[in-house]
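Hello,

Here is the structure I said I would pass on. My notes on it follow below.

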Amino acid sequence: MKDKSYYFSYLYSVASHTKQRIFATLYGYPAFFDKSFMEDRVATGVTSIPLSDGLTYHLNEKGYTSSIFITHDKSYNNMDGFLLKNEYSLKSIYSKKDYPEDKIVSYWGVQDDYLFEYALNIFKGQQQPFFGTIITMNNHPDYIVPEEFMNISKEPSERTVFFADHSIRLFMEEASKQDWYENTVFVFLGDHGKIVGKQPYMIPLSLNHIPLIIYSPLLEDMPKIFNQAATQIDVFPTVM
């Protein structure tokens with residue numbers, strides 16, 4: 001996909017936890033390492049959930065239908081409390097309670113292939129235009145993959161990367177059959193990276209260095225590589 005898309009070589013995550021990274025990506029605000037604006041707790045230094053002028057607000061204003069798909073419990077880190085206050089409806093937040101029990105493989109919920117399949121079925125029935133956010137989890141330990149992927153590598157983390165890529169491929173193949181495909185922008189980025197090798201810095205670059213790929217049949221100058229440094233807060237203005 002990189003060879004058919006806009007690829008951003010030097011994108012970095014903004015903080016140490018998923019809740020901060022989602023906030024930065026969808027709403028374009030920098031994160032504070034000791035605070036989470038998703039949580040309405042005195043302990044975090046934030047006593048009320050802020051109204052955040054982000055992607056969902058602006059796209060909803062333009063007539064989009066917004067939805068978000070989470071593999072596990074929607075109340076994790078008070079995510080649903082924050083999202084409900086920031087342009088999402090209760091029916092547009094999909095989580096573990098919405099998936100069949102036989103599809104839940106761990107504490108983190110369902111695997112990537114099923115999550116993409118579920119989201120795609122929702123998209124098929126949504127009014128256009130729509131804005132969907134899918135938060136996958138297969139690259140998070142415990143690294144659970146279907147049996148047919150066990151022989152890919154002896155390293156569990158390598159098996160799960162292969163399976164995650166496989167799931168994205170299946171999603172894109174099925175999406176390409178939909179009538180909205182030719183008018184859609186697909187954005188793929190990581191939550192965070194992984195510490196690899198010896199790191200000379202207090203904050204390991206490999207832990208925060210993440211991919212960002214933007215693909216759309218609407219873009220005529222693909223492929224294109226962007227080498228300027230950026231972070232997750234740049235996703236919102238870039239997409240807009």
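Ile135 lies in strand E6; helices (H or I, at least four residues) and strands (E, at least two) are DSSP runs, numbered from the N terminus. This is a predicted model, in which local features need pLDDT of at least 70 and side-chain atom pairs count only at pLDDT 80 or more, while totals for chains, interfaces and linings use all residues. Residues are numbered from 1 along each chain as its sequence is written, and side-chain values use heavy atoms, with hydrogens and water left out.

Ile135 counts as buried, at 17% relative accessibility. Buried means under 20% relative accessible area, exposed over 50%, and partly exposed in between (1.4 Å probe, protein chains only). Not counting residues up to four places away in sequence, Ile135 touches Ile22, Ile68, Phe69, Ile70, Thr71, Met79 and Leu115, where contact means heavy atoms within 4.5 Å. Tyr27 is 108 residues from Ile135 along the chain, and their C-alpha atoms are separated by 15 Å.

Gln126 sits in the loop between helix H4 (112–125) and strand E6 (130–135). Gln126 is also buried, with a relative accessible area of 14%. Neighbours within four places in sequence aside, Gln126 is in contact with Thr65 and Ser67. With Ser67 there is a polar contact between the two side chains, at 3.4 Å. A polar contact is a pair of N or O atoms within 3.5 Å; within protein, one must be able to donate a hydrogen and the other to accept it, and residues adjacent in sequence count only if both atoms are side-chain atoms.

Next, the salt bridges. The whole structure has five of them, a salt bridge being a side-chain nitrogen of Lys or Arg within 4 Å of a carboxyl oxygen of Asp or Glu. Among them are these:

- Lys97 pairs with Asp98, with the closest N and O atoms 3.1 Å apart. Lys97 is exposed at 57% relative accessibility, whereas Asp98 is partly exposed at 26%.
- Lys124 pairs with Glu174, with the closest N and O atoms 3.7 Å apart. This pair links distant parts of the chain, Lys124 being in helix H4 and Glu174 in helix H5 (residues 156–175), 50 residues apart. Lys124 is partly exposed, with a relative accessible area of 41%, and Glu174 is partly exposed, with 26%.
- Lys224 and Asp221 meet through their side chains at 3.7 Å, N to O. Lys224 is partly exposed at 36%, and Asp221 is partly exposed at 36%.

Regards
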